[in-house]
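Q: I am new to this structure. Please pick one part of it, look at that part closely, and then say how the rest is put together.

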Amino acid sequence: MLTLAYCRVSMEEQAEEGFSIEGQTDKLRAYATLHDLGQITVITDPVVSGKNMLRSGLQQLLAAVEAGHASHVVVWKLDRLSRNLGDLLELRDKFEKHGVTLHSVCENLDLSTPAGRWFFSMMGGQAEYYRDALAENVRMGHDRAVKEGRWINRPKTGYDIIDGLLVPNVEATLVIECFRLRAEGHSYRTIEERTGIRYSTVKSILDSRIYRGEVLHRTKWHPGVHEPLVSEEEWQAAHRGTAKGVRRSHDPLSGRVMCGPL
């Protein structure tokens with residue numbers, strides 16, 4: 001029977017709190033040795049959120065548990081398994097069903113008593129609260145950044161992010177060329193051939209208001225503080241006659257002035 005050691009770290013935790021898979025693994029090995037649990041089999045989910053159980057490492061652990069191959073599961077903290085209280089309760093019941101003892105290095109677990117089960121639920125609720133609070137802080141940070149006119153996503157073609165601000169890079173001239181060619185009436189395919197930028201990227205560039213100095217947040221565009229690559233006139237010229245709901249007439253006489261009797 002196996003002693004499974006499960007380790008997980010998210011991007012935020014790795015960057016802000018210094019967590020690491022290696023650091024957790026060392027603690028779990030020391031714990032297993034101290035409690036005579038034998039050699040551990042390490043299963044990891046690097047840079048993955050604990051908001052749900054859709055993780056390859058956790059699914060691998062559950063498969064081993066359900067197949068009857070494990071007798072112990074060791075984690076550094078309960079929130080490594082999940083930051084969702086419902087998921088933690090489900091995992092606890094699954095481990096019990098298959099005769100697997102759950103160990104946490106940081107929390108003294110005894111799931112055989114009502115007090116131990118209450119403590120487990122309390123720690124699970126705390127993990128869920130931390131997750132929700134972190135998400136709220138992220139949303140507030142994004143809202144503040146947008147109010148300040150800063151871009152909060154990955155930089156698009158033509159820009160780099162330097163010290164939190166969008167700065168034009170060497171591809172900026174190609175972006176400007178895309179708008180110029182489109183204003184002249186060229187198709188996306190022609191623009192692709194002339195600039196070397198893929199068709200789908202050309203369309204993405206021409207559809208994005210970032211190039212006129214705006215930033216996107218929650219489907220809405222707001223004034224930005226970065227340098228625009230095209231002016232309002234250049235933007236309008238590239239989109240003339242291509243606005244949503246506007247269709248060019250297929251009548252060859254459309255728009256012509258006719259003189260004399262019909």
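A: **A charged pair and its surroundings**

Arg212 counts as buried, at 18% relative accessibility (buried means under 20% relative accessible area, exposed over 50% and partly exposed in between, with a 1.4 Å probe and protein chains only). The model is predicted, with pLDDT of at least 70 needed for local features and 80 or more for side-chain atom pairs, while totals for chains, interfaces and linings use all residues. Residues are numbered from 1 along each chain as its sequence is written, and side-chain values use heavy atoms, with hydrogens and water left out.

The partner of Arg212 is Glu214: the two form a salt bridge in which the closest N and O atoms are 3.2 Å apart (a salt bridge is a side-chain nitrogen of Lys or Arg within 4 Å of a carboxyl oxygen of Asp or Glu). Glu214 is also buried, with a relative accessibility of 14%. Glu214 belongs to strand E7, residues 214–217 (helices are DSSP runs of H or I with at least four residues, strands are runs of E with at least two, and both are numbered from the N terminus). The side chains of Glu214 and Arg212 are also joined by a polar contact of 3.2 Å (a pair of N or O atoms within 3.5 Å; within protein, one must be able to donate a hydrogen and the other to accept it, and residues adjacent in sequence count only if both atoms are side-chain atoms). Another polar contact, of 2.9 Å, joins the side chain of Glu214 to that of Arg209.

The whole structure has 12 salt bridges. One of them links Glu177 to Arg180, with the closest N and O atoms 2.6 Å apart. These two residues are 3 residues apart in helix H7 (residues 172–183), so about one helical turn separates them. Glu177 is partly exposed at 27% relative accessibility, and Arg180 is partly exposed at 38%. Helix H8 (residues 188–195) holds Arg189 and Glu192, again 3 residues apart, about one turn of the helix. Arg189 and Glu192 form a salt bridge with a closest N and O distance of 2.8 Å. Arg189 is partly exposed at 43% relative accessibility, as is Glu192 at 21%. A network of salt bridges links Lys77, Asp79, Arg80 and Arg83.

Cys106 is partly exposed, with a relative accessible area of 44%, whereas Cys178 is buried at 0%.

The protein chain has 10 helices and 8 strands.

Strand E3 (residues 70–75) runs parallel to strand E1 (residues 2–9), to which 5 bridges join it. Leu2 stands opposite Ala70 in E3, and Ala5 has Val74 in E3 as its bridge partner. Strands E3 and E4 are also parallel, with 4 bridges between them. There, Val74 has His103 in E4 as its bridge partner. Strands of a sheet pair through backbone hydrogen bonds, either parallel or antiparallel. In E3, 6 of the 6 residues are buried, so the strand is largely enclosed by the rest of the structure.

Over the protein chain, buried residues make up 37% of the 262 residues. Of the contacts in the chain with a separation of 6 or more, 62% are between residues 24 or more positions apart.

Definitions and conventions:
Pairing = 2+ DSSP bridges. Contact = heavy atoms within 4.5 Å.
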